[in-house]
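Take a moment to look over the chain before reading on.

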Amino acid sequence: MSHDLLKGKKGIIFGALNDKSIAWKVAEKAAEEGAEFTLSNAPAALRFGDTQKLAEKYKTIVIPADVTKLEDIEEVFTKTLEYFDGKIDFILHSIGMSPNVRKKRLYSDLDYNYFHQTLDISALSLHKILQTAFKMDAINEWGSVVALSYVAAQRTLYGYNDMADAKALLESIARSFGYIYGREKSVRVNTISQSPTMTTAGSGIKGFDSLMDFTERMSPLGNATAEECADYCITLFSDLTRKVTMQNLYHDGGFSSMGMSLRAMTQYDKSFNCD
Ligand SMILES: NC(=O)c1ccc[n+]([C@@H]2O[C@H](COP(=O)([O-])OP(=O)(O)OC[C@H]3O[C@@H](n4cnc5c(N)ncnc54)[C@H](O)[C@@H]3O)[C@@H](O)[C@H]2O)c1
């Protein structure tokens, strides 16, 4: 059911690869709530993913950008401002990739070139997007920027590898730039720390099925789905959250505040019953 929460608002959505992507769900909900947007993804992702199909559905444009390249990001903003003939109101940063995770390198045996790429793609890209938007004065007053994070930024979770460091940096950039963007332009910047979600990026993490089962059992409300994450993003793009900024907002069914749950303990106890 639509509430017209984003009626008249315009934005850029980075990172919709296929219909499992969190960004894909955000695009669907944003359209439902009355927003218009452009889409961006890496050139390689545009070849094997479905971003173009999403653009056709919502009659918008796709602007290719490898977010490690400043000139690509500048192109996204130039083309978006031209397309809308004016400024935008929201940006979704839904981008993450670790070559170390892909190549199954352990955290105690990282390849440092890969590590740089992880940080560049998954964290510095938020700074590059914010700095470009700021210099081009691309976002209207009371605009909103949301990036997606994960609790491994605060707590160690086996298998998350160098993405944990990238997420810690991402959250820090949201705070540091959030201060400047808030002070100078009344634009808010937040991260949403989402439950494990079965997407292309998510399923690349070691032991992901077990992790999802564990967090489901530990969270009083259960894991948050990609659709539910999209709902939360919409509230942050809307005018109902105008004074929320520089926050890392957990959207995880309560997982981040738990130590042990009945459902997790019941499962754990089963391992003692087989003696
Ligand atoms: N899936 C989860 O369990 C989970 C949990 C918490 C947070 N997140 C975060 O949510 C965000 C979206 O991930 P998702 O789970 O929807 O997976 P996804 O694979 O659908 O999305 C990741 C996107 O990043 C894009 N990308 C990778 N390298 C890029 C580059 N160089 N330039 C531009 N784009 C690039 C990919 O093309 C893809 O569209 C990521 O930041 C991820 O870390 C995911």
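The protein has ten helices and seven strands. Both kinds of element are DSSP runs, numbered from the N terminus: helices are H or I with at least four residues, strands are E with at least two. This is a predicted model, in which local features need pLDDT of at least 70, side-chain atom pairs count only at pLDDT 80 or more, and totals for chains, interfaces and linings use all residues. Residues are numbered from 1 along each chain as its sequence is written.

Start with the overall dimensions. Along the principal axes, the C-alpha atoms fill a box of roughly 70 × 45 × 40 Å. The radius of gyration is 19 Å, which agrees with the value near 19 Å for a compact globule of 275 residues. That radius is taken over C-alpha atoms, and the globule rule is 2.2 Å times the number of residues to the power 0.38.

How much of the protein is buried? Buried residues make up 43% of the 275 residues. A residue is buried if 20 or more other C-beta atoms lie within 10 Å of its own, exposed if 12 or fewer, and partly exposed in between; the C-beta atoms are placed from the backbone. Contacts can also be counted. Two residues are in contact if their C-beta atoms, placed from the backbone, lie within 7 Å. Of the contacts with a separation of 6 or more, 73% join residues 24 or more positions apart.

Now find helix H4. It covers residues 70-84, 15 residues in total. From its first C-alpha to its last, H4 reaches 21 Å, close to the 21 Å expected at 1.5 Å a residue. The expected span is 1.5 Å times one less than the number of residues.

Which residues of H4 are buried? They are Ile73, Val76, Phe77 and Thr80. Seen down the axis of H4, the buried residues fall within an arc of 90°, so they line one face of the helix. The arc is that of the directions from the helix axis to the C-beta atoms. An α-helix has 3.6 residues a turn, so residues three or four places apart point the same way.

What does the buried side of H4 pack against? Its partners are strands E1 (10-14), E2 (36-41), E3 (62-64) and E4 (88-93), together with helix H6 (112-135). The face turned away from that side carries the exposed residues Glu71 and Glu82.

Asp85 is exposed, with 7 other C-beta atoms within 10 Å. Its phi is positive, near 55°, in a residue other than glycine. Most residues other than glycine have a negative phi. Asp4 also has a positive phi, of about 55°, although it is not a glycine. Asp4 sits in the segment before E1. With 11 C-beta neighbours inside 10 Å, Asp4 counts as exposed.

Next, go to strand E1, where Ile12 lies. Ile12 is buried, with 29 other C-beta atoms within 10 Å. Beyond four places in sequence, Ile12 touches Phe37, Thr38, Ser40, Val76, Thr80, Ile88 and Ile91. Phe37 is 25 residues away along the chain, yet the two C-alpha atoms are separated by 5.3 Å.

Ile13 is also found in strand E1. Ile13 is buried, with 27 other C-beta atoms within 10 Å. Its contacts beyond four places in sequence are Ala23, Val26, Ala27, Phe37, Leu39 and Leu92.

With 23 C-beta neighbours inside 10 Å, Ile192 counts as buried. Beyond four places in sequence, its contacts include Val146, Leu148, Cys229, Tyr232 and Leu249.

Finish at the ligand. Which residues come nearest to it? Of the 27 residues around the ligand, they are Ser21, Ala45, Gly96, Ala201 and Gly202. A residue counts as near if its C-beta atom, placed from the backbone, lies within 6 Å. Helix H1 (22-32) and strand E5 (139-149) each supply at least two residues of this shell. By class, the shell has 13 nonpolar, twelve polar and two charged residues. Here Ala, Val, Leu, Ile, Met, Phe, Trp, Tyr, Cys and Pro count as nonpolar, Asp, Glu, Lys and Arg as charged, and the others, Gly among them, as polar.
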